[in-house]
Amino acid sequence: RARKRPGRMYKGTALADEVVALNPHFADAVEELDLQGDDETSTMDGDGDRESLVSESSVLSEKAAASRLAALAVRPALDRFGFVARAEEPVDARSGGFGTDVRAEPQARSAAQARQENTELHKWLSMLGPRWRSWTLAPRRLLLKRRVRRGIPNAVRAHAWDLLTDVPSLHPKLPEYSELVARCTPEVFEEIERDVHRTFPEHALFSQVFDAAGDPVESKRGMPDGARLLARLLAAVAGHDAELSYCQGLNYVGGLLLMFHTEERALCLLLALLGRCGLRECYLPGLPGLRAAIEAFDGLVAGSLPKLHAHLEKEMVEPSLYCTRWFMTLFIGCLPFEASLRALDCICFDRDPKVLFRLGLAVLSLHEAKLLRLRGEALMGALRTAPSECADVDALFSRAFALRVKRRALGGGALGRLASAAVRK
C-alpha cells in the first residue's frame, strides 16, 4: 500500500534561511525540496524489514536535502560582473595600499534598464560589422564617441576594445606567449605573486572557494585559476618590456582585462593601453608620468574648484595622498565597477587617459560641499571613499564630460598622447 509521507518543510530552518538570505532566488530551490518531501511515497505492507528500509531511506533523503542546501550556501550570489553580492556594508575607508575590495552592484537592473541595454547592444552589433572602419571616420565618429561615452555593452566590450586600440595589428608582431612569460626574472615574478593574491578577492575568477557566509577562503589547491592567469599575464608584460618590468597597479588593470579576454588577447590589449594610449609612463621606474599627472591634476583643481583647492592647501592635503591610486589603477577598485569599465571604454576610444582627469574633477565636484566642512583625518577619509560613493554612474559621467579639460593644459609630461609621442621619439 502506498501512502504520502508528511513533508519535512525545510523552509524556515536556520540553514534554509541562511541560503535565501545569500540569494533570494534560492527560495525556489528550498520550496522544491519541500515539495519533494510531500510527493515522496513509501510502500508499506506490514513487513518490518521494509519499515526499516523506508526509515533508513528517509534519513538518507533528509541528509541529501541538507547536503543540497549546504551546497547552495557555499555558492554566494554574484552580480553580472562576477563579484560576490552581499548585504549593504559601510564603505571601507582603509588607507593601506591598493587593497580595497570592489563592491558588487547593490541592486538588480530594472526591466527598463534591461531594454535600454538591449537597444544599445543592437546598435553596437551593427557598428562592429564589416563597416566598422567607416565609424572611425568623420562624420560617423562623432556618433561613435557619444555611444562610447554612454558605455559599451558588456557582450561586445572585449571586441570593441580590441578594435578601438587596433589590437589585431599588434597580435602577430608579438613573440610566443610562453616565451614572454619565461623571460620574466624570478625576483619580479615573486613580487607579482605577492600582489595577485590581493587582487579582486571578491571576484569569482580570482577567489573560487567561499564559506557559508559568502566570504572568500584560501583554496586548498593553492592559487586560484584567475590569480594564476594574472601572474602569467603580468610576467609576460615584464618579459616584453624589461624597462617597465612590473609596477603595483598593473595587477588591477590586467585582472580586469582577464574578466573579458584570454591571456594572449589580454596581453595585446594591455600592451596597447601602455603604448598607444600613453599609460606606460605611469608605471616606469620613478613614475615620471604619474608625477606629471598629479601636478597637472592639482592645477586643474585650482582652476575648476578654487574653494576646495584652497581648503585642501590649508589642511595640507597634497593631491598625491588621494589621487595616486586613482591614476595607477585607472579608478578600478575606486569607482563602482561599471564606472571603471566606462572609463576604460573612453581611454580605448580616445587612445588617451584624459578621462581620468575629468573623472577626478567630477568626483571632487560632486562631494565639494561635504569636503569643505571636514578637516584633518575626517577630510582624508572622505577623499578616499568619495569615488566609491558615486553610485549614480550616469550622473558622474555627465558631470565629468561637462568639465572642459584640454590636453594642452595637462602638459607634455602628463599621461597621454604627448608623453607617448615623446617616448616613441
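Guide: Helices (H or I, at least four residues) and strands (E, at least two) are DSSP runs, numbered from the N terminus. The model is predicted, so local features need pLDDT of at least 70 and side-chain atom pairs pLDDT 80 or more, while totals for chains, interfaces and linings use all residues. Residues count from 1 along each chain as its sequence is written, and side-chain values use heavy atoms, without hydrogens or water.

Visitor: How far apart are the end C-alpha atoms of helix H18?
Guide: H18 covers residues 337-350. The expected span is 1.5 Å times one less than the number of residues. For its 14 residues that gives 20 Å, and the end C-alpha atoms agree, at 20 Å.

Visitor: Which residue follows H18, with a positive phi?
Guide: Its phi is near 50°. The residue is Arg351.

Visitor: How many residues of H18 are buried?
Guide: Buried means under 20% relative accessible area, exposed over 50%, partly exposed in between (1.4 Å probe, protein chains only). H18 is mostly covered. The count is 14 of 14.

Visitor: How many disulfides does a search of the whole structure find?
Guide: A disulfide here is a pair of cysteine sulfur atoms within 2.5 Å. The sulfur of Cys247 is too far for a bond, at 7.1 Å from the closest cysteine sulfur, in Cys282. Cys348 is in no disulfide either, with the sulfur of Cys277 5.5 Å away. The search finds zero.

Visitor: What is the relative accessible area of Cys348?
Guide: Cys247 counts as buried at 12%. Cys348 is buried too, at 0%.

Visitor: Which element gives the largest share of the lining of the largest cavity?
Guide: Helix H12 (250-258) and H18 each give two or more residues. The largest share, four residues, comes from H18.

Visitor: Within what arc do the buried residues of H10 fall?
Guide: In H10 (residues 186-196), Val188, Ile192, Asp195 and Val196 are buried. They line one face of the helix, because, seen down the axis, they fall within an arc (of the directions from the helix axis to the C-beta atoms) of 95°.
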